[in-house]
Structures are given as structure tokens and as C-alpha cells.
Amino acid sequence: MIKFSKVEKTYASPAGPVPALKGIDLEIAKGEIFGIIGLSGAGKSTLVRCINMLERPTGGKVIVDGQDMTALSDSELRAARKDIGMIFQHFNLLSSATVYENIAFPLKLSGKSDREIKEKVEPLLKLVGLETKAGQYPSQLSGGQKQRVGIARALASEPKVLLCDEATSALDPQTTKAILELIRDINKKLQLTVVVITHEMQVIKDICDKVAVIDKGVIAEQGTVLEVFTNPQQPITKEFISVLLSNELPAAFRGGNISQEPAEDAYLLLRLTFIGESADDPVIADMIRKFPEVETTLLFGNLDHIKYTPFGRMIIGLKGETAQVQAALDYFKTRELKEEVIGYVKRHDSTSD
Ligand SMILES: Nc1ncnc2c1ncn2[C@@H]1O[C@H](COP(=O)(O)OP(=O)(O)OP(=O)(O)O)[C@@H](O)[C@H]1O
């Protein structure tokens, strides 16, 4: 649906050229919710604005629904933009227009009759849950309601793609959740392709199918959200994830020397990741039953969801005879989970911690 080939964008500034995108290759499939995450200044807004040519790339190609956006004339571009809706962090509503008029605005611009507009706007009001607010002005609405207006307005021209530029960054966590749910619903109901720009991994985790991590104008890593979450490769990705999944060890295990060699009295620290159905599997209980001589300590546990997929992470400590501990480790390899040896560490007195 959307394809970036070697896209570059360099801004001219009084201080000299600013390279914001340095050869971006991306492919976003139809109907997908694709997240782009990066720190401030990484190039996220520039990237998303290159989809609808609010920014023109200085190199490379952007294909949307088979059309090379970089090669369109102004009138062709105006037509192509009808297929691409956009919502913004600060909503960008007309303050002197009612909710109804804000949603109707793009339809009015394209010359639709009052009746046609009514037929479009009323179902949209219902879709975003604002049936009772049609006559109100933006100043009378909460942030979440304003974003609902933004979404309805973006959908008025029946786009194929919805671009969300930090659409929930100005909202509290609960409102963020509700807006993300709405975007997810719309994606399903309308088979809309959605591109989400964010600096928050939580947003990616809650609604995206795929994610690309952008760092200093370059895609550092990309894949399905599950892949990237369970097996992050780049330090920047690990950092985004660690904000969400603190896997810190309890004080008694922190600060000690983690060795890769077994030692007397040392615990083998194991990070276990359970995905999908296996999150409900009683793997630990089975292991304890099978290897009762191995002392098993649960050091960290967390069960969460990536979109609809259950996702659990656990750190356990195993202590016992080397051969027995190794056998327990081998047992995990036969089960539906990912195991990663952190190393061997001795428990220490943590009172000074
Ligand atoms: N119009 C402009 N003129 C010059 N430089 C710009 C312009 N717009 C963006 N930049 C620069 O391009 C780089 C990428 O900016 P961009 O806004 O795309 O990043 P971002 O990841 O969206 O950041 P943020 O989350 O802070 O908005 C930054 O170094 C920024 O300063």
C-alpha cells in the first residue's frame, strides 16, 4: 500500500543543510497498523509527512496505492491526498466551527451538497461516539473528544490510509487507551491502512502489527511488533522496550558479578519469554515437578498483551547440582517459549541496597 524506496529529505536551514531522512526503505501493507517510533528529532514527522507530500522528499520515491507521489502534478496530488487522512497531536480543529462543521469541512471544500454532507457526517459522528456533541465548539470539548472530531474529519473523504502523527501524545493514559481502541476499531471496520507515529512504545504495543524504529534519519530496526519486542537487536530498541518491561532483578541479585561459568552457590539466571498460547502453559510448575532437586526462585514476572497476543516475561533463578540445572535448562528448550541465559550470580545480603 505504501512503499518508501531510498527516501531522503534534507532541509535547508540558515545554519546549513539538515539531513532528516537518510535513505528510508519501508513497506506498509494494506490494512496494516504500522508504527514508527523514534526519539525527538529522529525524523518521524518528516517521514509521515513525506507520505502525503506535506514534505517533498529530496531523493527517492514514495509509492502510495500504486502511485508515485513524488511524480504527481499539483492537481493529481490534490486528488491523491483525498485517499490519505491525517490526525495530529494538537487536533488542528477550526475553533470557530462546530463539531459538525469541522467534520463537514473537507466535504464542503470538495463541493458536496448539504444533503450529501449530512449523509456522511451523521454516521461519522456515531462512529466516533459524538452524536450528542454535533452543535458544540472545540473549546467545549475534552482532548479525547477533540481527537474524535479529528478522526471523523480525517475519515470524511473515505481515505484508504490514515496517518496519525503523535495523535495521543497530548492525552492522558485513559483517554489514550480509548482513542487507540477507536483507531483499532476503524482499522478493522473500514480495512484502513494506518500509520502511527509515536515516541511511546506503549502505543506501538497496544495497536500496531508492525513497527519500524527510526534513529537519526535511518531505520534502525523493523519487523512485527512481536518479533521486535521479543528479540530486539539494536540498543535503541532495547531502550524503548525497557521503559515498558522493567526486568530488573531483586536487590539481592543486583550488583553482583554475573559470570558465564557455573559456581558453587550461584543461581543460573534465566529469562523466559512466553508468547501467545504458551503464556497460559504451566511450564514452570511442570519443570519444578520434574526437577524437584533444583531450587527455583521467581525473580521477575510480567504478563501483558501485544495487541491481542498474550506476552509474558519472567526471570527465574535455578540452583542445584550442575547436571540437574543443565537438565532443567534443556527441558525449557523442549517447551513453547524462548529462553535466554543471563548468567550465574550469587545471592548477596541486600540490606545495604
Ligand atoms: N522545516 C525544517 N527546517 C529545518 N530543519 C527541520 C525542519 N523540520 C524538521 N527539521 C529537522 O529535521 C530533523 C527531524 O525532525 P522531525 O520533526 O521529523 O523529527 P521527529 O522525530 O518528528 O521529532 P519530534 O518528535 O520532536 O517532532 C530534526 O533535526 C529537525 O530539527
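A: In this predicted model, residues 24 or more positions apart account for 71% of the contacts in the protein with a separation of 6 or more. Along its principal axes, the C-alpha trace spans about 80 × 50 × 40 Å, and the chain forms 11 helices and 14 strands.

Q: What makes a residue count as buried here, and what percentage of the 353 residues are buried?
A: A residue is called buried if 20 or more other C-beta atoms lie within 10 Å of its own. Buried residues make up 35% of the 353 residues in the protein.

Q: Which residues are in contact with Ile103, leaving aside its neighbours within four places in sequence?
A: Contact requires C-beta atoms within 7 Å, and with those sequence neighbours left aside, Ile103 is in contact with Val121, Leu124, Leu125, Val149, Ala152, Arg153 and Ala156.

Q: What makes a residue part of the shell around the ligand, and how many residues surround the ligand?
A: The criterion is a C-beta atom within 6 Å of the molecule, and 13 residues surround the ligand, the closest being Tyr11, Ala20, Ser40, Ser45 and Thr46. By class, the shell divides into 4 nonpolar, 8 polar and 1 charged. At least two shell residues each are supplied by β2 (18-28) and α1 (44-49), and the largest share, 3 residues, comes from α1.

Q: How are the two domains bounded, and how many residues of each are in contact with the other?
A: The bounds come from an automatic or database domain assignment, which divides the protein into domain 1 (2-244) and domain 2 (251-345). Their centres, taken over C-alpha atoms, are separated by 40 Å, while 8 residues of domain 1 are in contact with 7 residues of domain 2. On the side of domain 1 that touches domain 2, α7 (201-207) and α8 (225-230) are the elements that give two or more residues, with the largest share, 4 residues, coming from α8. That side has 4 nonpolar, 1 polar and 3 charged residues.

Terms used:
Residues are numbered from 1 along each chain as its sequence is written. This is a predicted model: local features need pLDDT of at least 70, side-chain atom pairs count only at pLDDT 80 or more; totals for chains, interfaces and linings use all residues. Ala, Val, Leu, Ile, Met, Phe, Trp, Tyr, Cys and Pro count as nonpolar, Asp, Glu, Lys and Arg as charged, and the others, Gly among them, as polar. A residue is buried if 20 or more other C-beta atoms lie within 10 Å of its own, exposed if 12 or fewer, and partly exposed in between; C-beta atoms are placed from the backbone.
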